[in-house]
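Hi,

Here is the structure I promised to pass on.

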Amino acid sequence: MAEAETAILRLTEEYLRRHPGEAARELESLPAHDVARLMEGSPTVGTAVFERLTPQLAAHVLSEMEAEAAARMVRALDPGRAAPLLAWLDEGVRESLLGTQ
């Protein structure tokens, strides 16, 4: 079973890496919690996909992610793409993610 899970993870990461826009469109139909688990499990390719999510969904995903993973994601984002999604977050969450609290 572990081999199958590893193969699925590798295939998923390759799809995310090669087709971030298409992957983001597919993820738009999933619950934020599920997208958050995927982003946490694929940090090396997750940023390119994450940047292509709608700001509203991206903000919900950040709120579902573990705090450290969410902070790493925000730091990795292009500032121009991060700003709109940060605007969707409550002030306290935003300050926590930016390390200003």
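How does the radius of gyration of the protein chain agree with that of a compact globule? With 101 residues, a compact globule would come out near 13 Å, and the protein chain has 13 Å, so the two agree. That radius is taken over C-alpha atoms, and the globule rule is 2.2 Å times the number of residues to the power 0.38.

Before you go further, keep in mind that this is a predicted model, where local features need pLDDT of at least 70, side-chain atom pairs count only at pLDDT 80 or more, and totals for chains, interfaces and linings use all residues. Residues are numbered from 1 along each chain as its sequence is written, and side-chain values use heavy atoms, with hydrogens and water left out.

Now the overall picture. The protein chain has eight helices and zero strands (DSSP runs numbered from the N terminus: H or I with at least four residues for helices, E with at least two for strands). Its C-alpha atoms fill a box of roughly 45 × 25 × 20 Å along the principal axes. Of the 101 residues, 34% count as buried (under 20% relative accessible area, with exposed over 50% and partly exposed in between, using a 1.4 Å probe and protein chains only). Among contacts (heavy atoms within 4.5 Å) with a separation of 6 or more, 66% are between residues 24 or more positions apart.

Next, look at helix H4, residues 43-50. Its buried residues are Val45, Gly46, Thr47, Val49 and Phe50. They pack against helices H1 (2-18), H2 (20-27), H3 (32-41), H5 (55-64), H6 (67-76) and H7 (79-87).

Then there is Glu51, in the loop between H4 and H5. Glu51 is buried yet has no salt bridge, and the nearest side chain of opposite charge, Arg81, is 4.0 Å away. For a salt bridge, a side-chain nitrogen of Lys or Arg has to be within 4 Å of a carboxyl oxygen of Asp or Glu. Leaving aside residues up to four places away in sequence, Glu51 touches Ala76, Leu77, Asp78 and Arg81.

Finally, find Leu30 in the loop between H2 and H3. Leu30 has 37% relative accessibility, so it counts as partly exposed. Leu30 and Leu57 are 27 residues apart along the chain, and their C-alpha atoms are separated by 9.8 Å.

Cheers

Notes: Lys, Arg positive; Asp, Glu negative; His and termini not counted.
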